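Subject: Handing over a structure

Hi,

I am passing a structure on to you, and I hope you enjoy looking through it. Please open it first and then read on.

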Amino acid sequence: MEDYPKTLLEFEERFGTEEACIQYLFNVRWPEGFRCPHCGCPRAWPMRRGLYRCVHCRFETSVTAGTIFQDTRKPLRLWFRAIWLLTSQKYGANALGLQRVLGLNNYRTVWTWLHKLRHAMVRPGRDQLFDVIRADETYIGGEKPGKRGRGAAGKALVVIMVELKAGKTAWIRLRRVPDASGHSLEEAIKGGVKTGSTVQTDGWGGYSGLSKLGYTHEIIRKEAIVGKNLLPEVNRVASLIKRWLLGTYQGGIHLSHLDYYLDEYTFRFNRRTSYSRGKLFYRLVEQAAAIKPILSRDICSRVTNP
Ligand SMILES: [Zn+2]
C-alpha cells in the first residue's frame with residue numbers, strides 16, 4: 001500500500017525521529033516483510049538501530065544497506081527532508097537552497113545527495129515509451145550571455161522523445177547523445193522507446209535505420225536540420241527544460257552533469273499531473289531504496305560516457 005504524507009505538517013509529524021524514518025524505509029523496501037539479501041530468508045533478529053541479523057544464515061544487514069542511503073553518516077531524517085523539499089516543490093531545489101534549509105555546512109554533501117537522488121529518479125528499462133512517439137534533437141547549454149560561443153562544442157545534443165496520447169504529450173524520455181549520427185540516435189531510441197512503437201521524426205537521415213530495429217518509422221516533416229525547427233511537441237518540452245534549468249539552477253549547471261538534470265526533469269515532467277506531491281516523495285524513497293548504492297566517484301565518471 002502506498003502510504004505517504006500529504007502535507008508539510010503531516011511530513012513533520014511523521015518523520016520527526018530517526019526511528020520513524022527507518023521504519024518507513026523498512027516498509028517501502030520490504031513491503032512483504034524482511035527478506036535476507038543473502039539467502040532470502042524472511043526472518044531476522046532486530047539488532048541495534050536499523051540493523052537485522054538473518055535467523056538462517058546470520059548475515060547482518062541494515063535497512064539502508066544496498067540502497068543509495070548506504071554508509072551515509074548523516075541521519076535519514078535529513079535525507080528525508082531533502083527528498084521532501086525536492087519533490088514537494090514544483091521546480092525542485094538547487095544544492096545551495098537545500099543546504100540553507102537543511103542547515104548543512106558542507107555544500108559538496110548536499111550536491112552529492114542531489115545527484116544521487118536524481119540518479120534514483122529513473123528506472124532504466126522500466127519507463128520506456130510505447131505506441132506513438134515523436135523524436136527530435138535539441139542543443140542545450142552554451143547560450144549564456146557573456147560566454148564565448150564555441151558552436152556545438154559548448155553545447156550538448158539531447159534527443160527528446162515524446163509519447164502522444166490522443167494527440168497530446170503524455171510522457172517524455174530524454175537522452176543525451178554525442179552526435180546526431182545514426183548510431184547515436186538509434187541507441188537513444190532503443191533506450192527510451194519499446195520496439196513495436198511508431199516513431200515519428202523529421203527527414204534527418206540518422207533516423208533512417210529505425211525500421212530495421214523493429215519500429216515503424218514515419219517521417220512527418222521533410223526538412224532535417226539538427227537542433228533547429230523542432231517538431232512542435234518536442235519543441236515545447238525543449239523550451240520547458242531550458243526554462244527550468246535557468247529558473248532553478250540559474251543556468252549554472254555543468255554540461256558534464258547534464259544527464260542528472262535530464263533525469264530529474266523527466267521524473268518531474270512525467271509526474272506533473274500527480275495531484276499529490278506526497279506521492280512523489282513516496283516514489284522517490286521507493287526508487288532510492290531499490291537502486292544500488294552510488295559512489296561519489298561514479299557521479300563524476302558517468303559524465304565521460306554520455
Ligand atoms: Zn540469510
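Below are some notes on a helix, the cavities and the aromatic rings.

Before anything else, please keep in mind that this is a predicted model.

Let me start with helix H6, which covers residues 182-192. Its buried residues are Ser184, Leu185, Ala188, Ile189 and Gly192. If you look down the axis of H6, these buried residues fall within an arc of 130 degrees, so they line one face of the helix. What do the buried residues of H6 pack against? Their partners are four strands: E4 (132-140), E5 (156-165), E6 (168-177) and E7 (198-202).

Next, the cavities. There are 2 cavities of 30 Å³ or more. The largest cavity has a volume of about 50 Å³. Its lining is made up of Met121, Val122, Arg123, Asp127, Arg173, Asp263, Thr266, Phe267, Asn270 and Arg271. Helix H8 (residues 258-270) gives the largest share of that lining, with 4 residues. Sorted by class, the lining of the largest cavity has 5 charged, 3 nonpolar and 2 polar residues.

The second largest cavity holds about 30 Å³ of space. Around it you will find Asp136, Asp202, Arg221, Glu223, Ala224, Ile225, Lys228 and Asn229.

Finally, the aromatic rings. How many aromatic pairs does the structure hold? The count is 22. One of them joins Phe11 and Phe15, whose rings lie 5.2 Å apart centre to centre with 45 degrees between the planes, and this pair is tilted. Both Phe11 and Phe15 are buried.

Another pair to look at is Trp79 with Trp113: the ring centres are 4.1 Å apart and the planes are at 20 degrees, so this pair is stacked. The pair links distant parts of the chain, since Trp79 sits in helix H3 (residues 76-88) and Trp113 in helix H5 (residues 107-120), 34 residues apart. Trp79 and Trp113 are both buried.

To come back to Phe11 and Phe15, these two also belong to one aromatic cluster, together with Tyr24, Phe80, Trp84 and Phe281.

Best wishes

Definitions and conventions:
Residues are numbered from 1 along each chain as its sequence is written. This is a predicted model: local features need pLDDT of at least 70, side-chain atom pairs count only at pLDDT 80 or more; totals for chains, interfaces and linings use all residues. Side-chain values use heavy atoms; hydrogens and water are left out. Buried means under 20% relative accessible area, exposed over 50%, partly exposed in between (1.4 Å probe, protein chains only). Helices (H or I, at least four residues) and strands (E, at least two) are DSSP runs, numbered from the N terminus. The arc is that of the directions from the helix axis to the C-beta atoms. Contact means heavy atoms within 4.5 Å. On a 1 Å grid over the protein atoms alone, a cavity is a set of points where a 1.4 Å probe fits but cannot get out, and a pocket is an open set with protein on both sides within 12 Å along at least five of seven lines; lining residues have an atom within 4 Å of a point. Grid points are joined across faces, edges and corners, and a volume is the space filled by probe spheres set on the points. Ala, Val, Leu, Ile, Met, Phe, Trp, Tyr, Cys and Pro count as nonpolar, Asp, Glu, Lys and Arg as charged, and the others, Gly among them, as polar. Rings of Phe, Tyr and Trp (its six-membered ring) pair if their centres lie within 6.5 Å; planes under 30 degrees apart count as stacked, over 60 as edge-to-face and the rest as tilted.
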